[in-house]
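Biologist: I am new to this one. Could you walk me through how its helices pack?

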Amino acid sequence: MATVRPAAPDVEQKDIDEARAFNAQLEALIATQPPVISVPPDVSRRARREGKGIFPAPVFLEEARDIEVAGLKVRVLRPDKKATGIYLHLHGGGWTLGAHDMQDVALKLLADETGLCAASIDYRLAPEHPYPAGPDDCEKAVLDLLEHGPQLLEAPARFAIGGESAGAHLAVVTLLRLRDRHGIRDRIAAANLVYGAYDLSGTPSQMLWGDRNLVLSTPIIKWFGGNFLPGFGPDRQREPDVSPLYARLADMPPALFTVGSLDPLIDDTLFMADRWRTAGNSAEVVIYPEGVHGFNQYPTALARKANARQFEFLRGVLNS
């Protein structure tokens, strides 16, 4: 059954005040930069890699290593202690931005806190490689890691999957493909789904948000969707392999859904968690007050508490 928490129980008023102040600074910073929809994706990709975008500059850890799986790069971050399993990670970025090697610090922390060896998959990006390229890559890499990952990564064959934003969408699509195309159920024990997009035809919160740019806006959401699904009308946008909100959701693993109250994708999380539950799966939703899209990537108490809750969830499911 699903548990919906209107606000994370450990969030205090001082955390909310800090988040509000941070959001004002973030909105001011965003206003000084060209809108992401106004520049070629390569420009935004380069800016993010160089730490000139709206997210903290990436730190590339020397201990991280890249391996090749099914012809794709996979970034590996090991826990300090012996690994207890494998975390299959899919990065965000609207299917257009981001990369497998730009979350080293976050994935190293996850590895140390959960005991899971983090394996972040490099999938092809739109608009150069629109649907189904990204989902195809994720499916192919996860299949290979399910079979060969324990030997490659020297970790037990216990798996969780997760991602942020577009990465959460790709995580659910991958789970559905494993079930429907390969008959694979119960191999992945947990899904850590962070402010994902699950209805690419547009939920009410996506369409009603408007032009205010707090990492996302309605025009930005439509731009990302257009990159990923060029020429798709509403019917094709609602195909289950594109918008997993419309899929049959039986036989899915326990999931933690994380979202902020100021995220235009909040309906995606709420709707998907309800469908997850009614399909007979375990689902928990935690809503973080004043959390913007991507909030857990910033240096705030709200972010630290949201990430700690994800680690707790992964430990609880994988160790049960």
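Modeller: Angles under 35 degrees count as roughly parallel, over 145 as roughly antiparallel, 65 to 115 as roughly perpendicular and the rest as oblique. This is a predicted model, where local features need pLDDT of at least 70, side-chain atom pairs need 80 or more, and totals for chains, interfaces and linings use all residues. Residues are numbered from 1 along each chain, and side-chain values use heavy atoms, without hydrogens and water.

Biologist: How are helix 3 and helix 10 oriented to each other?

Modeller: Helices are DSSP runs (H or I, at least four residues), numbered from the N terminus. The axes, lines fitted to C-alpha atoms over the stretch in contact, have angles that run from 0 to 180 degrees between N-to-C directions. For helix 3 (residues 104–114) and helix 10 (residues 301–318), the axes come within 9 Å and cross at roughly 45°. Helix 3 and helix 10 are therefore oblique.

Biologist: Which residues of helix 10 make the contact with helix 3?

Modeller: Contact means heavy atoms within 4.5 Å. Helix 3 brings Leu109, Leu110, Glu113 and Thr114. Their partners on helix 10 are Phe311, Leu314 and Arg315.

Biologist: And how is helix 4 placed relative to helix 5?

Modeller: Helix 4 (residues 133–153) packs against helix 5 with the axes 9 Å apart. Their angle is about 65°. That makes helix 4, relative to helix 5, roughly perpendicular.

Biologist: Which residues does Ile188 touch?

Modeller: Residues up to four places away in sequence are not counted here. Ile188 then touches Leu88, Val142, Leu146, Phe159, Ala160, Ile161, Leu175, Leu178 and Pro253.

Definitions and conventions
Helix = DSSP H or I, 4+ residues; strand = E, 2+ residues; numbered from the N terminus.
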